[in-house]
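I opened the notebook to look up cavities, cores and overall build. My entries follow the model below.

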Amino acid sequence: MSFYKLIFSPTGGTEKIADIIVKEWTQPVTMIDISKVNDDFSKYSFNSEDVVLIAMPSFGGRLPAVAAERLSIVKGNSAKCVLVCVYGNRAYEDTLAEMEDIAIKCDFKIMAAVSAVAEHSIMRQYATGRPDERDTHTLADFSKQIVEKLNLSDINALKIPGNRPYKKAGSAGLIPKADKNCTKCKSCAIECPVGAIDPTDVAKTDKNKCISCMRCVTHCSQNARKANGALISVAALAIKNACSQRKEPELFI
């Protein structure tokens with residue numbers, strides 16, 4: 001039996017959640033990062049003895065389209081999987097349901113699903129510092145329950161929340177731009193999961209490709225890439241009420 005974590009984590013929050021969960025598995029876990037733009041995702045193929053943790057962020061209550069597309073060409077071949085949806089304390093809405101549908105089409109056997117909160121990737125005043133110690137204890141307990149289920153021969157059907165058809169996906173409206181501190185090191189272009197930044201001129205970003213994931217902002221060592229502050233403030237105000245109450249991790253098993 002081999003263990004894997006298959007992750008789309010532009011700013012690292014989703015990976016933090018995944019790492020807390022797999023830490024309890026006490027087995028070596030191979031990392032598969034599907035945020036690499038030039039990778040051949042169809043090469044990832046598992047077997048019925050494997051266990052795969054699939055961790056994705058929720059963007060406006062849906063999977064990022066590029067993450068959904070890349071996951072959909074992975075070959076499950078009856079491998080057991082655990083779905084993990086990470087959101088910024090507003091709501092994950094149809095994200096887990098979308099992950100469930102794709103995983104089934106890829107021939108994964110879903111053992112459990114988890115929703116968890118990490119610091120919002122754009123409006124960092126929401127869920128600041130999460131996952132925190134309380135999250136860590138809860139997720140570790142979830143992981144132990146999942147391990148127990150992995151050892152069972154019977155797999156019960158899960159009731160994973162979400163609607164079908166899914167809610168309409170939002171468009172990317174916050175496009176980070178380089179400022180005067182940019183040294184043209186090209187790390188933003190290298191790290192962009194959709195190849196939206198021109199490596200020959202990092203001041204140019206293809207707005208039709210950008211998914212507002214903020215990976216370029218996170219990876220800029222000069223703090224030279226930023227989204228429009230006024231637009232962020234408007235967006236933050238719009239979700240203030242929804243984000244005001246702490247959301248806790250959930251386990252579906």
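How do the residues of the lining of the second largest cavity divide into nonpolar, polar and charged? I looked this up and found 6 nonpolar, 2 polar and 3 charged. I counted Ala, Val, Leu, Ile, Met, Phe, Trp, Tyr, Cys and Pro as nonpolar, Asp, Glu, Lys and Arg as charged, and the others, Gly among them, as polar.

Ground rules. I am working on a predicted model, where local features need pLDDT of at least 70, side-chain atom pairs count only at pLDDT 80 or more, and totals for chains, interfaces and linings use all residues. Residues are numbered from 1 along each chain as its sequence is written, and side-chain values use heavy atoms, with hydrogens and water left out.

Cavities. I searched the whole structure and got 2 cavities of 30 Å³ or more. A cavity here is a set of points on a 1 Å grid over the protein atoms alone where a 1.4 Å probe fits but cannot get out; lining residues have an atom within 4 Å of a point. Volume is the space filled by probe spheres set on the points, with grid points joined across faces, edges and corners.

The largest cavity holds about 100 Å³. It has 15 lining residues, and Cys192, Ile197, Cys210, Cys213 and Cys216 are the closest to its centre. I sorted that lining into 11 nonpolar, 2 polar and 2 charged residues.

The second largest cavity holds about 60 Å³. Its lining includes Cys182, Cys185, Cys188 and Cys220, and also Lys184, Lys186 and Arg225.

Cores. I took a nonpolar core as a set of buried Ala, Val, Leu, Ile, Met, Phe, Trp, Tyr and Cys residues joined through side-chain atoms within 4.5 Å. Buried means under 20% relative accessible area (1.4 Å probe, protein chains only). The largest core has 46 residues, and Leu6, Ile54, Met56, Leu83 and Phe108 have the most contacts inside it. Among the elements that each supply at least two of its residues are strand 3 (51-57), helix 3 (95-105) and helix 5 (187-191). Helices (H or I, at least four residues) and strands (E, at least two) are DSSP runs, numbered from the N terminus.

I then checked Ile54. Leaving aside neighbours within four places in sequence, its contacts (heavy atoms within 4.5 Å) include Leu6, Leu71, Met99 and Phe108. Another core, of 24 residues, lies apart from the largest one; Ile7, Val82, Ala112 and Leu251 are among its members.

Whole chain. I noted 8 helices and 8 strands. Of the 253 residues, 49% count as buried.

How values were computed. On a 1 Å grid over the protein atoms alone, a cavity is a set of points where a 1.4 Å probe fits but cannot get out, and a pocket is an open set with protein on both sides within 12 Å along at least five of seven lines; lining residues have an atom within 4 Å of a point. Buried means under 20% relative accessible area, exposed over 50%, partly exposed in between (1.4 Å probe, protein chains only).
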